[in-house]
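Take a look at the chain and its ligand below. We will start at the ligand and then follow the strands.

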Amino acid sequence: MHEIRNTLFVGKKVIVFESLPSTNTWLNQRLQIESLPEGTIVIARNQTEGRGQRGNSWISKPGDSLTMSLLLNPKNLSPSQQFSLSQAISLAIHDLLVYCQIPDPKIKWPNDLMSQEYKIGGVLIENSIRKEALQYSVVGIGLNINQTQFPENLDSATSLKLSSGLEFNTSKVIADLCSFLEKRYLQLHSGKLKEIETEYLSKIYRMSDWHSFEDSSGIFKGRITGVSNSGQIRIEDECGDFRMFSTKEVRYL
Ligand code: BTN
């Protein structure tokens, strides 16, 4: 895989590994000994110990899925604005799904990518904060591309191919994704945080509809009404109370 042509800086430096435990871990460790240009992407054809959110693992099929980490230096964002970066990244992947004609693409808060009821991709952002500023962000993206079979415990997973019935060229998907990532990052860079939030909310999975959720005190019916600046989700329950949750505090049923 060579440099990405249709971008200004995302993917101008591409580091590819045949096999690696985790692209996020590799990039985080590498940045301790060497600085790399913003927009560098690290790709593993076979990622053996992929990490997901909430300490979960991320399982991918060599050759049929994308496991990539992108280096960004969002210096104009304060640590309290981290969630805007997360929103911009989710939107970029959503843009790609729309472009690839994936049916009913949605963002499941905070940043799972869905097609219909199935998970098609995930994001793990690791931020380095120094002197109250965002020093750099390692943006890990896992996307199922041509996989048609998943382990039994991943029965709620899908791929670009399974959901659309089309076969995809992985290199082209990566180039298109880099282009969408750069566009959304530039939108963020130009201070359009409110627009990003509004668009993010318009793509949220199960937004406004009544569904079951589970928190530490049990199951309840509620509907998502928004997110806070810090990334908490706001769910209105049947009593009309608004409850705020961080990622580990609530589960979709
Ligand atoms: C999730 O949905 O839980 C997030 C999954 C993120 C997986 C990607 S794959 C590339 C990068 N390297 C990792 O170890 N994880 C992220």
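**Around the ligand**

Strand β8 gives the shell around the ligand its largest share, 4 residues. Strands here are DSSP runs of E with at least two residues, and helices are runs of H or I with at least four, both numbered from the N terminus. This is a predicted model, in which local features need pLDDT of at least 70, side-chain atom pairs count only at pLDDT 80 or more, and totals for chains, interfaces and linings use all residues. Residues are numbered from 1 along each chain as its sequence is written, and side-chain values use heavy atoms, with hydrogens and water left out.

How many residues surround the ligand? There are 20, and the closest are Ser22, Thr23, Arg51, Gln53 and Lys119. A residue counts as near when one of its heavy atoms lies within 4 Å of the molecule. At least two shell residues come from each of α1 (23-30), β3 (50-51), β5 (65-72), β8 (118-130) and β9 (133-144). By type, the shell holds 5 nonpolar, 12 polar and 3 charged residues. In this scheme Ala, Val, Leu, Ile, Met, Phe, Trp, Tyr, Cys and Pro are nonpolar, Asp, Glu, Lys and Arg are charged, and the others, Gly among them, are polar.

Now look at single atoms. A polar side-chain atom of Ser22 lies 2.7 Å from an oxygen atom of the ligand. The side chain of Thr23 has an N or O atom 3.0 Å from a nitrogen atom of the ligand. For Gln47, a side-chain N or O atom is 3.1 Å from a ligand nitrogen atom. A polar contact is a pair of N or O atoms within 3.5 Å. The protein covers 98% of the 410 Å² of accessible area that the ligand has on its own. Such areas come from the Shrake-Rupley method with a 1.4 Å probe.

The ligand sits in the largest pocket. To sit there, more than half of its atoms must lie within 2 Å of the pocket's grid points. A pocket is an open set of points on a 1 Å grid over the protein atoms alone, with protein on both sides within 12 Å along at least five of seven lines.

Next comes a pair of strands. Strands β6 (residues 105-108) and β7 (residues 112-115) run antiparallel and are joined by 4 bridges. Two strands pair if DSSP finds at least two bridges between them. Lys108 stands opposite Asp112 in β7. The two strands form a hairpin with 3 residues between them. Pro110 is in that loop between β6 and β7. The peptide bond from Trp109 to Pro110 is cis, with omega near 0°.

**The open sheet**

Which strands make up the open sheet of 5 strands? Their order is β13-β12-β11-β10-β14, with antiparallel pairing. β13 (242-245) and β14 (251-252) stand at the edges with a single partner strand each, so one side of each has no neighbour in the sheet.

β12 (residues 233-237) and β13 pair over 4 bridges, and Arg234 stands opposite Met244 in β13. β11 and β12 pair over 5 bridges. Here Gly222 stands opposite Asp237 in β12. Their hairpin has 5 residues between the strands, and Gly231 takes a positive phi near 100° in it. β10 (residues 211-215) and β11 (residues 218-227) also pair over 5 bridges. Ser212 has Lys221 in β11 as its bridge partner. A hairpin of 2 residues joins β10 to β11.

How values were computed: Polar contact = N/O pair within 3.5 Å; in protein donor to acceptor, adjacent residues only side chain to side chain. 1 Å grid on protein atoms, 1.4 Å probe; cavity = no way out; pocket = protein on both sides within 12 Å on 5 of 7 lines; lining within 4 Å.
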